[in-house]
Amino acid sequence: MEASPGNFTNSGDMRQTACPLGKYQPSGGMGFCIDAWRGSYVDLVGQSEQIDCGDFLGTIGFSSNSSSDCVPDTDNDGTVDQLDDDDDGDGFPDEQDGCPLDPASVTDTDGDGYCDYADAFPLDTNEWLDSD
């Protein structure tokens, strides 16, 4: 028997088997399913295609089976922030970057979470916006 897309058969099988969660098969007549690629997932059995997580999102590994497996990739470099040493892609490792999610700056002098270029009070940890 020849399997239809989203399914597979092994030699001698009398019936096809649906690809499990996290795997897909775009072609008919195949004897295997393909793991969802990094940055994609397959959330139903018997699927012929994977679903892309979208821009600035990715997955930690292969064979993801839910949209909840899609996590931030701030610099959209294909490595999710959780595994990326430079989340914003500015060339400075996060541990040395005062603004690890902002590629426009690396300095947060007062450590208040606001990069110096956007902080009206870069030496005051209690203020960042001058509203008067």
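Reader: Why is Cys 33 called buried?

Author: Buried means under 20% relative accessible area, exposed over 50%, and partly exposed in between, with a 1.4 Å probe and protein chains only. Cys 33 has 16% relative accessibility, so Cys 33 counts as buried. The model is predicted: local features need pLDDT of at least 70, side-chain atom pairs count only at pLDDT 80 or more, and totals for chains, interfaces and linings use all residues. Residues are numbered from 1 along each chain as its sequence is written, and side-chain values use heavy atoms, with hydrogens and water left out.

Reader: What makes Cys 19 and Cys 33 a disulfide?

Author: A disulfide is a pair of cysteine sulfur atoms within 2.5 Å. The S to S distance of Cys 19 and Cys 33 is 2.0 Å, and the torsion about their S-S bond is about -90°, so the disulfide is left-handed. Cys 19 lies in the loop between strand E2 (17-18) and strand E3 (23-24), and Cys 33 in the loop between E3 and strand E4 (34-35), so the pair ties together parts that are 14 residues apart in sequence. Strands (E, at least two residues) are DSSP runs, numbered from the N terminus.

Reader: How do you know that Cys 53 is joined to Cys 70?

Author: Their sulfur atoms are 2.0 Å apart, and a disulfide joins them. The link is left-handed, with -70° about the S-S bond.

Reader: Why is Ser 64 called buried?

Author: Ser 64 has a relative accessible area of 8%, and is therefore buried.

How values were computed: Helix = DSSP H or I, 4+ residues; strand = E, 2+ residues; numbered from the N terminus.
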